[in-house]
Amino acid sequence: MSAATYLVILAGALGLLIGSFLNVCIVRWPALQSVVSPRSRCPQCGNLIAWYDNVPVASWLALRARCRHCALPIPWRYPLVELATAAIWVAAAWRYGYELEALRGAVFGTILLGIAVTDAREYIIPDEFSVGGVALGILFAFVASWSGRPPAPHVLPWPQALLGAAVGFVLLWLVAYFGTKALGQDAMGGGDIKMMAMVGAFVGWKGVLLTVFVGALFGSLVYVPLLVLGKRKRHVPFGVFLAMGAAVAFVFGPTIYDWYRRFLGAA
Ligand SMILES: [Zn+2]
């Protein structure tokens, strides 16, 4: 087996396990519960979930999506989050190989997935994802700067990570402040502001602008038709769309900035 194949398989297995843990975070962090203890129990019958009933994806299939003891349905969200996390880790390993950037991309994607799911379910973006993510993004930038290797073009230098976090925070704070004034109701939550500081720490200030642009575009594509049909929702989980925008900024950002620069140069 080649070293690259080995890395991709390892990333897939690790992604499944991390996705399993992400499921715990998604349920417990919005409820302000510990993700370490107590061990998981069935919410209906209270039986402890055995390790063999907790194997990512496989147990859900083997149990046919029901609790072994009381047959309470286990949401399809569990295997889906596990598979999506594995896909993110595999894609990062495939794209970047044995580079720090592979781990950085995988971690960023995992945080974005966690944010998207909690925001969609409960309109909450836990600080563990956002504030914790700011710390991780800046840490990655420091390690990349100090590892002594010539940085690849997509690696963010640490001053850019700090600047990106600041721009993300201030820009979204301004949007929230003026949006609230204009609409007379909360336009955006504090969770979105802290989330964009996290995004900035991973993709820099240009990435913040691209994320907000793409996020607003995706959000409009979904919500404008709903508005037209008169199905107005009171809450909009904007974090879901910002997470999509941030993923686009991470993967395609460097290509898009390059294209934009040439476009400006040609004009
Ligand atoms: Zn049960």
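Predicted model: local features only at pLDDT ≥ 70, side-chain atom pairs only at ≥ 80, totals over all residues.
Mentor: Start at the metal: with angles of 104 to 112 degrees among its four donor atoms, the site of the zinc ion is tetrahedral.

Trainee: What makes the site of the zinc ion tetrahedral?

Mentor: Set the angles against the cut-off. Four donors count as tetrahedral if all angles lie between 85 and 135 degrees. Here the angles are 104 to 112 degrees, and the site is tetrahedral.

Trainee: Which atoms are the protein donors of the zinc ion, and how do you know that they are donors?

Mentor: They are the SG atoms of Cys42, Cys45, Cys67 and Cys70.

Trainee: What spacing do the donors follow along the chain?

Mentor: The spacing is C-x2-C-x21-C-x2-C. Take Cys45 and Cys70 as a pair linking distant parts of the chain. Cys45 is in the loop between α1 and α2, and Cys70 is in the loop between α2 and α3. They are 25 residues apart.

Trainee: Why is Cys45 called partly exposed?

Mentor: Buried means under 20% relative accessible area, and exposed means over 50%. Cys45 has 31%, so it falls in between and counts as partly exposed. Cys70 has 25%, so it is partly exposed by that rule.

Trainee: Why is Ser20 called buried?

Mentor: Ser20 has 16% relative accessibility. That is under 20%, so Ser20 counts as buried. Ser20 is found in helix α1. Leaving aside its neighbours within four places in sequence, it is in contact with Asn54, Pro56 and Glu82.

Trainee: What makes Ala65 stand out?

Mentor: Begin with the general rule. Most residues other than glycine have a negative phi. Ala65 has a positive phi of about 60 degrees although it is not a glycine. It lies in the loop between α2 and α3. Its relative accessible area is 18%, under the 20% cut-off, so Ala65 is buried.

Trainee: What is phi of Ala71, and where is Ala71 found?

Mentor: Phi of Ala71 is near 70 degrees, a positive value in a residue other than glycine. Ala71 is found in the loop between α2 and α3. At 36% relative accessible area, Ala71 is partly exposed.

Trainee: Which peptide bond is cis?

Mentor: The bond joining Ser37 and Pro38 is cis, with omega about -5 degrees. Pro38 sits in the loop between α1 and α2. In general, most peptide bonds are trans.

Trainee: What makes up the largest nonpolar core?

Mentor: The largest nonpolar core has 52 residues. Those with the most contacts inside it are Phe108, Leu112, Met195, Met198, Val199 and Phe202. Among the elements that give two or more residues to this core are α1, α4 and α7. The largest share, eleven residues, comes from α7.

Trainee: What does Phe108 touch?

Mentor: Leave aside its neighbours within four places in sequence. Phe108 is then in contact with Met198, Val199, Phe202, Val203, Ala246 and Phe250.

Trainee: How many helices and strands does the chain have?

Mentor: The chain has eight helices and zero strands.

Trainee: Why is the chain called as compact as a globular protein of its length?

Mentor: Its radius of gyration is 20 Å. The globule rule gives 18 Å for 267 residues. The two values are close, so the chain is as compact as a globular protein of that length. Of the 267 residues, 40% count as buried.

Key:
Residues numbered from 1 in each chain as written. Heavy atoms only, no water. Core = buried A, V, L, I, M, F, W, Y, C linked by side-chain atoms within 4.5 Å. Buried < 20%, exposed > 50% of the residue type's maximum accessible area, 1.4 Å probe, protein only. Helix = DSSP H or I, 4+ residues; strand = E, 2+ residues; numbered from the N terminus. Contact = heavy atoms within 4.5 Å. Donors = N, O, S within 2.8 Å, 3.2 Å for Na, K, Ca; no water. Tetrahedral: all angles 85-135°; square planar, octahedral: opposite > 155°, others 65-115°. Rg over C-alpha atoms; globule rule 2.2 N^0.38 Å.
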